Structures are given as C-alpha cells and as structure tokens.
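Thanks for coming. Please have the sequence and the model open while I talk.

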Amino acid sequence: MTLPTWLTIFAALFGLGLWLLLPRRIIAGRSAGAVLVTAALAVLASRMIPPGKESLTTNILFYALAALTVGSAICAMTFRSPVYCAIWFAVSVLATSGLLLIVGAQFLGVAMVVVYAGAIVVMFLFVLMLAQPEGLAFYDRLSFEPMLSSIVAATLVFMLTICLLTPGTLADTAPIDLAKAAGAAGAADGADADQSPAGPIVLGEHHVAAIGQRLFSEHLIAVQVVGVLLFAALVAAAAIAGQGRPMSDSTSAEGAS
Amino acid sequence: MNEVALLQNYLIVGGLLFAIGLLGFLSRRNMIVMFIALEMMMQGVAVSLVAWSRFHNNFDGQMLVIMIIAVAACEAAIALSLILILVRRSSNLDIAFWQTLREEGQEPTLDVEVPEPPDPHGDWPHLTPAGVDPELQPEQTGYRSRV
C-alpha cells in the first residue's frame, strides 16, 4: 500500500511546527512554527469530508470548533507560562463541549464544561498560584527532548489517520443495529424483543432523561463503584496533602517522646 | 448528516488531541502542565467515544465518557495533592528535580544552557514623573500591594 502524499506532508509539517513551537534553548522560530502547524492542519482539513451533507451551518460549526479545539490544545502545550497553559486548556475544553453538542451529546457537553472548565482548571490555577507566585521559571523555558516528542506526536497522528483512511476499515463500517440484534436474540424465547426502541435513540427527544434512565438501570453498579471511587479519592487526597505539613507542637512532642 | 464522515472527522480530532497531549506529557517539565497534558489525552478519548456513540445510535459510549469524567476528577484531586507535597519539599514545579529517582544506569538530565528570562518590565511604557506625591493617610502607610 502506498502512503498518501498529502498525509506525509501533513505529518512532516506538523512535527516540524510542533518542534519549533515547543520551549527550547533558542527562542526564535515560534511564529514560523505556528505557520507550519496551521498549514499542516489546513492540509488535513482540506482532505476531510464535510460532515453535513446539505447543511452549511453544521460544516462551518464543525470546522470552526475543531480548529479552535486543536489550536488551543497546541497553545496549551507550547506556551511557556503555566497560567496561560491552564487558560488555553479551558478554551480547548469549551470548544470540545461545542463539538459534543454538535454530535448530540448534550449532557456530556454541559458536564464537560462544569467538571473540566469549572472545577479542574480552577484547581490548576489555585495550585499554580500557591506554588509559583513569581513569573516564568527556568524549567518552563526548557523541555525534554522537544524533537523526539514532536516526532512521536506527528507519527502517532500519521498512523491513526492512515488507519482511519485505509479502505475497508471505516468506510465500510455499518452501525450496529442493537434493536435488531436484541430482536434476533429474543426471538428464540419470544421475550422482550419489542421493548428496545427503534429509531433515533441518541438524537431522540428526551435526551437527558434517556441518559439518566440508562445510567441508573443498566449501569447502576458502575455508578455505585464510581461513587466509592470518588469518596476514596477524596480521603486519599486529604490524607496525602496532610503528609507534608510541618507537625504541630502536640503531635511533634508525642512523636519525640 | 453524513454519518461516516462525521465519525471519521471526530476520530481525527480525537487523535489529534491525544497526540498533542502526548507531546506535552513527554516534553514539558512543569508538573502542572504535564497534568494538563494528561487531561487533554483523556479529552481526546472522550471525543472519540462520543462519536462512536452517535454512530452506533447507542448510549454506551456516552456512559463510558461519564465514568471517564468521574475518574478524571478523582485523578485530579490525588495528583494535585501529590504535586503539593512535592512542591513543599522541592519548592518548585520542576519534574527534573526528582530525577534522582531514575533507573540505574540512566544518564542524568543536566541543564547546560538556560535561556534568558524575559524582562518582566520590558514592555511597559515609561512615563515621565509628573505632579506631586499624594498625601498618605496614616493608616494607609501599612498597606501592602502584595502579600
């Protein structure tokens, strides 16, 4: 199988641009890196099939949100100041939730904003303020092996995209019809074959209600396990964060005696 | 909509997010930025799972993403408390400070040449001093601009 030329060009431009963008000893070349990465993403976008057949709005929304997601992700990984990294990560999460809204995952789009942009990014900023009240530290202006890691990232995207575009992998995939499969399985004993609803499930009317119903019926045990996990993580975080604190007088006296 | 094209585009975006997160995790030295990179990789996985959920008209992918979000929250809590401890002991966020934990026989990472820090006052306009100093109230003299 011959490699598609445009994909090779994309990977080369992408890797080179990322290497130029990463913090290195020589500061020059960041704008050139930004141009190269933009060109690489434009090459990739020109080869994507527009997802909305007749709807121009969907196409524009998809391309704009995808560009914002990937672009702000690159900014989050290449900016020197960690505060900017956290803020660009928040932008990336917001754009991702827009992508999820396009594809019909309304609950997840909102949950992503609440959990990531609302909680985790704020926690990042708290820790940053706690740990690093001054400006840029020297370790933010250096990185480990920028060339090797850019090559790894570009190769990963290259191979994943080849896997997607190879004929016979994705283009011939048909959606699994669960209702039909359940009907075939249930036809043997004549049980609840007609209970599984046909038609649009994910894009159906009562989306959040349907998610809640699934979550608390089919996945009830998983929900319970996740609840226990959250509690355990809470206890562990409190216990770990208390470790490094200098001991108070009473406890140190006890420890000394 | 063209469902196969939609799935393919979303998988490409998810793969890009994952690769960019991997790049950040491998190359950045700040522990918080490394952690942001981890979250970004999980975000890429979430985008792919939601696309598959839409393609197969099935909620299971979205359920998995809900679990991923919960696990990410747990991970954030524990990792940030670990980072807090490490910062208390080393007083910086550099992961290379802990390179004595590396495997036996590995070469240490040495900073032979560190780029100059940017001048924090470089871009500010310089104004000529004018007027007179304002008269401070006695209680204002104890104010601090930063702690």
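I will go through the two chains, how they meet, and where to be careful.

First, this is a predicted model. So please keep the confidence scores in mind, and I will come back to them.

Start with chain A. What secondary structure does chain A have? Ten helices, and zero strands. Reading from the N terminus, the elements run α-α-α-α-α-α-α-α-α-α. There are 257 residues in chain A, and buried residues make up 27% of them. If you take the contacts in chain A with a separation of 6 or more, 55% are between residues 24 or more positions apart.

Chain A is also divided into domains. Domain 1 covers 5-165 and domain 2 covers 204-241. The C-alpha centres of these two domains of chain A lie 29 Å apart.

Now chain B. The count here is three helices and zero strands, in the order α-α-α from the N terminus. Chain B has 147 residues, with 41% of them buried. For contacts in chain B with a separation of 6 or more, residues 24 or more positions apart account for 48%.

Look at α3(B) for a moment. How far apart are the end C-alpha atoms of α3(B)? They are 44 Å apart. The helix has 31 residues, and at 1.5 Å a residue it should span 45 Å, so the two values agree. Just after α3(B) comes B:Ser91, which takes a positive phi of about 55°.

Next, how the chains meet. On the chain B side, 75 residues are in contact with 88 residues of chain A. Which helices of chain B supply at least two residues each to that side? They are α1 (3-27), α2 (31-55) and α3 (60-90). The largest share comes from α3(B), with 22 residues. By type, the side of chain B that touches chain A divides into 50 nonpolar, 16 polar and nine charged residues.

In soluble globular proteins, nonpolar side chains tend to be buried together. Here the largest nonpolar core has 85 residues, and the members that touch the most others are A:Phe89, B:Ile20, B:Ile36 and B:Val50. Take B:Ile36 as an example. Leaving out residues up to four places away in sequence, B:Ile36 touches A:Ala76, A:Cys85, A:Ala86, A:Phe89 and A:Phe124.

For a contrast, go to B:Glu139, in the segment after α3 of chain B. Is B:Glu139 buried or exposed? B:Glu139 counts as exposed, because it has 7 C-beta neighbours inside 10 Å, and the cut-off for exposed is 12 or fewer. From B:Asp111 to B:Glu139 is 28 residues in sequence, and 48 Å in space, C-alpha to C-alpha.

Last, confidence. Chain A averages a pLDDT of 81, and 79% of the residues score at least 70.

Definitions and conventions. Residues are numbered from 1 along each chain as its sequence is written. Chains are lettered from A and ligands numbered from 1 in the order in which they are written. This is a predicted model: local features need pLDDT of at least 70, side-chain atom pairs count only at pLDDT 80 or more; totals for chains, interfaces and linings use all residues. Helices (H or I, at least four residues) and strands (E, at least two) are DSSP runs, numbered from the N terminus. A residue is buried if 20 or more other C-beta atoms lie within 10 Å of its own, exposed if 12 or fewer, and partly exposed in between; C-beta atoms are placed from the backbone. Two residues are in contact if their C-beta atoms, placed from the backbone, lie within 7 Å. Ala, Val, Leu, Ile, Met, Phe, Trp, Tyr, Cys and Pro count as nonpolar, Asp, Glu, Lys and Arg as charged, and the others, Gly among them, as polar. Domain bounds come from an automatic or database domain assignment. The expected span of a helix is 1.5 Å times one less than its number of residues. pLDDT is the predictor's confidence in each residue, from 0 to 100. A nonpolar core is a set of buried Ala, Val, Leu, Ile, Met, Phe, Trp, Tyr and Cys residues joined through C-beta atoms within 7 Å.
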